[in-house]
Amino acid sequence: MSLVQNVSVYGINESIIASGYPMLTTPPTEEDFAKQVCELKENHTSRAKKLSSAPQGSGHDNFLKGCIAQFDLCFTVKAWTEAERYHFFDFVSSMSSMHRLSQMDLDMVFCDYVTVEIRDIMRKLQSNYKENPSVENFLTMLYNCPVGLKLIARMTTNYLQLKTIYNQRKNHRLPEWREFCKWIETMPHSEFITSKKGENI
């Protein structure tokens, strides 16, 4: 299974145009805005790229909040625990170990770093729970599950948050984070996030 799939990105063109609002002297009409969307030229994109490269927290890159990204992300519990620190990295829905751990195919849901010994223990705990579905057996199975369990979730975020994630995680020790950051580099106008020259338009 791919780390990231079912990707949708919204609002990039509109946000590029909105990046120029601080310099307006009069509000644009609907016709003005529609014309700019149709004629999105290099001057708009150059301004947006310049603003997107502003230091994090300066506020000059706020237009990136309007570039909305949704996708399915498959991370281990270890990576999900770290992902929870981000303010706008919202879960739409996700797999549930509470509801389905006893029925999961452990060879499919554990990452490669979960050892054979741990897998065997988890199979035994699954079996114990299926034979006797007591609260005690359930909690023993649940609390012994390793952080190498992979769970998929539908996420909603924006380019401003992805910029923070990218800068903090692109060289992370967990391979999942590095792979996720490589995926970010393939997004439309990824240069707004990475400050690298991009052709992903």
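1. A disulfide is a pair of cysteine sulfur atoms within 2.5 Å. By that criterion the structure holds zero disulfides. The sulfur of C74 has its closest cysteine sulfur in C111, 10 Å away, which is too far for a bond. C111 is likewise in no disulfide.

2. On provenance: this is a predicted model, in which local features need pLDDT of at least 70 and side-chain atom pairs count only at pLDDT 80 or more, while totals for chains, interfaces and linings use all residues. Residues are numbered from 1 along each chain as its sequence is written, and side-chain values use heavy atoms, with hydrogens and water left out.

3. The relative accessibility is 10% for C74 and 16% for C111.

4. The largest pocket holds about 500 Å³ of space. C74 and C111 are among the residues closest to its centre, together with T76, K150 and E176; the lining has 20 residues. A pocket here is an open set of points on a 1 Å grid over the protein atoms alone, where a 1.4 Å probe fits, with protein on both sides within 12 Å along at least five of seven lines; lining residues have an atom within 4 Å of a point. Points are joined across faces, edges and corners, and the volume is the space filled by probe spheres set on them.

5. Which elements supply at least two residues each of this lining? They are β2 (68–76), α6 (106–109), β4 (150–158) and α10 (175–184); helices (H or I, at least four residues) and strands (E, at least two) are DSSP runs numbered from the N terminus. α10 gives the most, with three residues. By class, the lining has twelve nonpolar, three polar and five charged residues.

6. The four strands form an open sheet in the order β1-β2-β4-β3, with antiparallel pairing (two strands pair if DSSP finds at least two bridges between them). β1 (4–10) and β3 (89–94) are the edge strands, each with a single partner, so one side of each lacks a neighbour in the sheet.

7. β3 and β4 pair over five bridges, and S93 stands opposite R154 in β4.

Technical notes: Ala, Val, Leu, Ile, Met, Phe, Trp, Tyr, Cys and Pro count as nonpolar, Asp, Glu, Lys and Arg as charged, and the others, Gly among them, as polar. Buried means under 20% relative accessible area, exposed over 50%, partly exposed in between (1.4 Å probe, protein chains only).
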